[in-house]
Amino acid sequence: MKDPAQFAATAIRRLREQVPGKAIVAASGGIDSTAAAVLAHRALGDRAKALFVDTGLLRAHEVEHVEEFFRESQLPVTVVPAASRFLSTLEGVADPEEKRRRIGTAFVRLFEEEADRFGASQLIQGTIAPDWIESGGALRDTIKTHHNVGGVPKDVRIGIVEPLRDLYKDEVRMLAAHLAIPHPERQPFPGPGLAVRVAGPVTAERVETARAANAIVEEEVERAIAAGTISRPWQYFAVLLPVRTVGVMGDNRVYGEAVSVRVVDSNDAMTGTATDLPLDVRRRIAERITRSLSGTVTRVLYDITDKPPATIEWE
Ligand code: XMP
């Protein structure tokens with residue numbers, strides 16, 4: 001993409017050709033799907049309806065933040081509550097690829113129902129190049145089945161339209177700035193949400209633990225950014241590990257779980273470097289997580305692995 005204005009004009013014209021009737025738009029509050037939603041809104045007006053799914057796998061206060069963000073972007077969005085549906089489809093599932101497939105299917109089935117209700121036969125989503133490349137589109141092996149690509153079931157009943165499929169993240173950020181989307185620097189959040197940040201089995205309790213630990217990581221990293229101690233990393237989050245580890249509370253032994261803190265610098269998510277977060281920030285994160293999740297989380301680790309060899313998310 002050389003010129004975002006030209007890209008936007010072409011994408012709007014193509015959307016009008018591709019969508020003769022109504023379409024729903026999968027909006028996650030992330031930069032990719034928001035850019036797709038803005039293009040859809042400009043191309044189709046009321047014939048496009050943006051939906052934000054509350055999967056129950058979101059970060060703390062995410063629903064309010066996304067609603068606020070859409071207000072700022074002047075885009076109408078409908079929140080679809082679906083937490084119990086996503087949690088139940090993940091019951092007993094520990095394998096990362098199986099989690100991704102089930103989440104992809106749950107999203108599609110829900111979008112099919114919502115499309116029927118709205119009288120739409122198409123779904124517009126903000127898939128970008130790394131999503132399908134890593135889902136096995138260009139590499140020989142599937143690195144990860146992105147929920148919006150490989151996670152889409154074969155018997156899908158709605159047509160899928162992807163206006164950003166050839167863009168990389170830095171290009172989407174340029175486009176977002178051109179479309180006046182607020183906060184284009186926001187960190188990406190994977191569609192499968194906390195399900196892939198709760199390594200191993202997903203339960204409501206483990207999701208809650210990951211959510212609480214993640215909120216602390218975000219607060220402390222954002223505090224360090226605001227203080228000018230570090231520049232804004234690409235992503236910063238907590239992962240709950242399926243590892244029990246011994247701790248001590250007063251005179252008592254506790255047997256809790258471990259949290260890994262992941263902070264990464266990157267330009268396009270295809271490669272990345274573990275951020276050299278100052279030790280005092282790491283210590284404060286560890287101290288706050290073990291105090292506020294006392295007995296549940298007994299150990300905090302800092303992940304210093306680059307991508308490659310590791311991926312950004314643990315699963
Ligand atoms: P990995 O973990 O593959 O992640 O190095 C690269 C970037 O993609 C995000 N990610 C996802 N985003 N659906 C998404 O929308 C997914 O299934 C998914 N998996 C990973 C990840 O947060 C990182 O920014």
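Tutor: In helix α2, Ile 31, Asp 32, Ser 33, Thr 34, Ala 35, Ala 36, Ala 37, Val 38, Leu 39, Ala 40, Ala 43 and Leu 44 are buried (under 20% relative accessible area, with exposed over 50% and partly exposed in between; 1.4 Å probe, protein chains only). This is a predicted model, in which local features need pLDDT of at least 70, side-chain atom pairs count only at pLDDT 80 or more, and totals for chains, interfaces and linings use all residues. Residues are numbered from 1 along each chain as its sequence is written, and side-chain values use heavy atoms, leaving out hydrogens and water.

Student: Why is α2 described as largely enclosed by the rest of the structure?

Tutor: Burial is counted residue by residue. Here 12 of the 14 residues of α2 are buried, so the helix is largely enclosed.

Student: Which residues are closest to the ligand?

Tutor: A residue is near a molecule if one of its heavy atoms lies within 4 Å of it. The ligand is surrounded by 16 residues, the closest being Arg 100, Lys 144, Lys 307, Ile 312 and Glu 313.

Student: Where does the ligand lie relative to the domains?

Tutor: Domain bounds come from an automatic or database assignment. Domain 1 (4-178) and domain 2 (197-303) both contribute residues to the shell, so the ligand lies between them.

Terms used. Helices (H or I, at least four residues) and strands (E, at least two) are DSSP runs, numbered from the N terminus.
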